[in-house]
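Let's take a walk through this protein together, one piece at a time. Have the model open and follow along.

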Amino acid sequence: MTTRQFKYIVTAEKILEEYCNKLHPGDLLPHPAELCEHYNVSMITINKALALLVERGIIKRTPRKGTELLAPVSGVQTQISEKKTILKILTLEKNNWSFAQYIEGMLQKYCNKNRKAGYMIIEKSIRDYRDAVGQDDYDIVMTGIWTMREFITDPELNKLFRPLNDMPNLWFDREYYISHVLRWCGLKDRLLALPMNFTTVLSQYNLSYPGIDQEKISEQLTFKQFTRLLQDSVQEPSMHSIASYPFFLRFTMNTWPILIRRFGGRIMSDDGSRCLLGSPEVIEAIRYLVELIFYQKLCLPIGIAAIKPGYDLFNLGKFLCTWQSSKHDFSKSPFKTQLAPLPHASGKKENPIWIESLMFPESGKNAALAIDFVNFLQLPQHQEEIRNTCDMLPPQRGPLKKHIKKMEKLVPGFEFYADGLDKAEPLIPFPRYRVMGIIHEKMYPTWLGLETPEESCGKIAEEINAILEKSISS
């Protein structure tokens with residue numbers, strides 16, 4: 001008799017397939033007595049099956065509470081007779097993060113190659129992410145720019161992660177990465193993050209739009225000139241049609257702070273200790289955006305941020321211009337595209353940027369397997385998949401140079417994006433990721449016109465500064 005034939009193992013695999021792969025973290029499995037009846041087995045068999053799932057880290061049994069699913073287990077195959085080494089990975093909600101979706105896809109490929117490996121992805125909310133890092137033995141933590149900046153600058157958080165140059169057998173060469181990635185990730189010569197993607201915000205012009213003057217699109221475009229470009233190029237508005245808007249802004253938590261900065265304002269102080277949302281510069285910049293919205297120059301898609309701008313949003317090719325993340329492949333836009341830097345107020349040519357990355361907690365129990373997986377990610381064919389499957393760009397010089405050369409032939413103005421990478425600087429410093437989430441949520445009444453920037457920004461800044469003061473003092 002082989003191990004595969006034991007009844008409790010067969011039952012555990014059925015529970016895994018029927019319940020664990022379909023429930024959400026925190027959901028309870030049926031009572032053991034119900035499982036006995038459902039599978040027509042004894043209580044002894046059910047208890048041994050549940051014990052096996054506990055051993056694999058899939059479920060947790062608590063007296064008087066029940067049997068709780070710990071995490072999604074899509075990377076743990078339904079046949080568990082052979083014990084697998086499970087990579088435990090922390091991420092923000094996957095549905096809202098293409099980087100996390102890409103990593104999960106690569107984990108599935110990796111586990112198909114390495115039959116002794118499985119994975120568990122634990123999703124945490126924005127507000128719980130920082131505190132979750134030190135509460136469990138994660139092997140890999142996925143970070144975006146908001147979380148990563150805090151992880152590498154907060155000394156208490158910083159010491160929770162392994163420096164990459166202290167991880168044996170990891171394929172990592174400082175000379176192979178573009179310089180700004182090293183500036184972002186370095187802290188006292190301890191390189192703590194492995195960036196897998198970077199992006200910024202650019203202007204994308206529809207050269208097929210009626211009345212567009214291509215000669216006016218340049219790196220020197222100011223906000224006043226940009227507004228005039230909208231006025232001169234707008235079509236006759238049609239009632240009840242989104243096509244009457246000549247301009248689209250993908251208004252996510254990452255996008256509008258970059259715009260405000262380009263306008264000459266800063267949401268946070270350089271040291272991250274004060275919220276400057278109520279400053280005259282920020283209020284003026286926000287008022288500018290609001291005016292674009294309410295004079296039908298700017299379409300603000302609240303609630304549809306998941307739609308990729310520049311593809312076929314409402315009516316094909318109806319937008320003169322979009323401000324958006326540059327993660328997607330501009331050559332696939334439905335209209336002839338020209339890229340340009342964001343219009344500016346002062347002539348400063350900075351290009352704020354953010355990075356998505358992987359980090360490795362010291363508490364992880366499977367460092368060797370985590371290293372092997374990251375090496376798997378860095379294979380040339382998988383670097384190509386970063387571009388093809390989820391609109392991401394690698395930070396390594398070779399693959400990046402190859403992609404830029406290809407894109408410059410397809411998209412006029414792509415050199416602005418390439419140049420921006422070398423001019424990049426950190427986005428917005430602040431001590432807690434949740435701060436930006438609060439600001440983003442509380443700004444919605446302003447974008448909807450329910451409050452003026454003067455009314456809302458000062459109040460939000462006071463609330464955020466009270467949170468920051470409490471955080472710093474504690």
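Start where helix α1 meets helix α3. On the α1 side, the residues making contact are Lys7, Tyr8, Ile9, Thr11, Ala12, Ile15, Leu16 and Cys20. Across from them, α3 brings in Thr45, Ile46, Lys48, Ala49, Leu50, Leu52 and Leu53. Sort this contact between α1 and α3 by class and you get eleven nonpolar, two polar and two charged residues. Keep in mind that what you're looking at is a predicted model.

How do you describe a pair like this? Two packed helices are described by the angle between their axes and the distance between the axes. Here, α1 covers residues 7–20 and α3 covers residues 43–55. They pack at an angle of about 65°, and their axes are 8 Å apart. As for handedness, α1 goes past α3 in a right-handed crossing.

Now zoom out for a moment. In total, the protein has 18 helices and 13 strands. Of its 474 residues, 54% are buried. Take the contacts in the protein with a separation of 6 or more: 77% of them are between residues 24 or more positions apart.

Next, find strand β3, which spans residues 85–92. How many of its eight residues are buried? The count is seven, so the strand is mostly covered, with buried meaning under 20% relative accessible area. β3 also has strands to pair with. Eight bridges connect β3 with strand β4, residues 117–124, and the two run parallel. In that pairing, Ile89 sits opposite Ile121 of β4. Strand β5, residues 140–143, is joined to β3 by two bridges, and this pair runs parallel too. Here Leu90 has Val141 of β5 as its bridge partner.

Move on to helix α9, residues 223–233, and look for its buried residues: Phe223, Phe226, Leu229, Leu230 and Ser233. Why do they end up on the same side of α9? Because they cover an arc of only 115° around the helix axis.

For the last stop, head to helix α14, residues 397–410, where you'll find His403. Is His403 buried or exposed? His403 is buried, because its relative accessible area is 9%, and the cut-off for buried is under 20%.

Technical notes. Residues numbered from 1 in each chain as written. Predicted model: local features only at pLDDT ≥ 70, side-chain atom pairs only at ≥ 80, totals over all residues. Heavy atoms only, no water. Axes fitted to C-alpha atoms, helices over the stretch in contact; angles between N-to-C directions. Helix = DSSP H or I, 4+ residues; strand = E, 2+ residues; numbered from the N terminus. Left-handed = near helix turned anticlockwise from the far one by under 90°. Contact = heavy atoms within 4.5 Å. Nonpolar A, V, L, I, M, F, W, Y, C, P; charged D, E, K, R; others polar. Buried < 20%, exposed > 50% of the residue type's maximum accessible area, 1.4 Å probe, protein only. Arc of directions from axis to C-beta. Pairing = 2+ DSSP bridges.
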